[in-house]
Amino acid sequence: MPSAVVKGVNVVELADLTIKEFHGGVSTKDPKLSAVHETITAASVSPWRCPEFTEYILVIEGEAHVETDAVQVVTAGSGVYLPRGCRVRVNFPGPAQVIAICLPAFSPTIEHAEQEGAVAVAPAHKTKDAPTLSQSVDVVKAPTLTITEYFGNVASKDGSLSACVSKVDEPCSEAWQCPEFAEWVLVLKGVLHLEHAEGTTVVPAGSGVYLAADERVKWIWPEACTYVPICMPAFTPDGCRREPEEGSAKDADPETMAELHKLHTAAGAK
């Protein structure tokens with residue numbers, strides 16, 4: 001069955017910035033991966049840093065300015081991948097919302113943030129690899145469910161991890177599935193019910209849950225919902241091992257699953 005539901009923890013609370021950790025060293029004591037929702041309410045400038053983790057950033061609202069030797073503007077609906085050892089800072093010119101995923105999990109000791117005014121000393125892990133931008137793709141456009149992939153086999157040709165923003169417009173459910181991949185879920189709005197052999201796990205807004213590979217579950221949304229699924233390795237239709245079900249969200253329109261398979265086939269993944 002799914003792991004225990006974990007309430008997100010506000011690891012940063014400032015006047016113009018809130019960072020809620022759903023998975024990671026503080027909320028779940030998981031050193032493998034951290035996933036946070038950042039809400040920025042005013043323009044902000046961050047310190048330079050050279051992390052020992054890789055980072056995936058999904059810009060949901062507003063825009064982020066990613067500064068290395070140059071500045072890359074990441075607008076809403078886009079993502080940016082920051083390789084391990086990249087000296088970088090991420091600034092926000094105004095209000096924004098982002099999801100940040102770190103592998104391994106974020107911790108201040110491996111972030112290597114530079115103190116203002118201090119002489120920067122390049123750590124041994126510093127790399128010349130540059131950030132990579134990706135444009136999100138609506139991989140599922142069903143009558144009640146839209147899944148927008150920011151990273152994964154389709155959006156970034158990355159088979160190691162996929163990260164999406166999913167929006168449910170009204171009560172509905174999905175077919176049973178038993179994925180080959182592990183999944184970390186963040187519920188931002190509404191509520192998610194996960195039906196399984198032992199009963200139903202309720203995941204309310206502001207909470208997260210982890211699904212191990214080979215767990216058979218059925219997703220149910222009793223109301224409108226926005227959630228973020230992170231899959232490792234990246235989601236594929238075949239790897240999902242979905243059991244088609246009449247009336248489910250993705251089976252309401254026969255073109256939905258056909259298009260999902262088409263997108264993955266074109267990307268070279270099944």
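Modeller: At 28% relative accessibility, Ser-3 is classed as partly exposed. This is a predicted model.

Biologist: Why does Ser-3 count as partly exposed?

Modeller: Buried means under 20% relative accessible area, and exposed means over 50%. Ser-3 has 28% relative accessibility, so its class is partly exposed.

Biologist: Leaving aside neighbours within four places in sequence, which residues is Ser-3 in contact with?

Modeller: Ser-3 lies in the segment before β1 (6-7). Once the neighbours within four places in sequence are set aside, its contacts are Val-209 and Tyr-210.

Biologist: Which element gives the most to the lining of the largest pocket?

Modeller: The largest pocket holds about 710 Å³ of space and has 31 lining residues, with Leu-17, Ile-19, Glu-38, Phe-106 and Glu-111 nearest its centre. Elements that supply two or more lining residues include β3 (17-23), β4 (34-40) and α1 (108-111). The top contribution, four residues, comes from β4.

Biologist: How many nonpolar residues are in the lining of the largest pocket?

Modeller: Five lining residues are polar and six are charged. The nonpolar class has 20.

Biologist: What is the volume of the largest cavity?

Modeller: There are three cavities of 30 Å³ or more. The largest cavity has a volume of about 260 Å³.

Biologist: Which residues lie closest to the centre of the largest cavity?

Modeller: The lining of the largest cavity has 14 nonpolar, three polar and four charged residues. Among the elements that give two or more residues to this lining are β13 (145-151), β21 (225-232) and α3 (254-266). Of the 21 lining residues, the closest to the centre are Ile-147, Glu-183, Pro-229, Phe-235 and Lys-250.

How values were computed. Residues are numbered from 1 along each chain as its sequence is written. This is a predicted model: local features need pLDDT of at least 70, side-chain atom pairs count only at pLDDT 80 or more; totals for chains, interfaces and linings use all residues. Side-chain values use heavy atoms; hydrogens and water are left out. Buried means under 20% relative accessible area, exposed over 50%, partly exposed in between (1.4 Å probe, protein chains only). Contact means heavy atoms within 4.5 Å. On a 1 Å grid over the protein atoms alone, a cavity is a set of points where a 1.4 Å probe fits but cannot get out, and a pocket is an open set with protein on both sides within 12 Å along at least five of seven lines; lining residues have an atom within 4 Å of a point. Grid points are joined across faces, edges and corners, and a volume is the space filled by probe spheres set on the points. Ala, Val, Leu, Ile, Met, Phe, Trp, Tyr, Cys and Pro count as nonpolar, Asp, Glu, Lys and Arg as charged, and the others, Gly among them, as polar.
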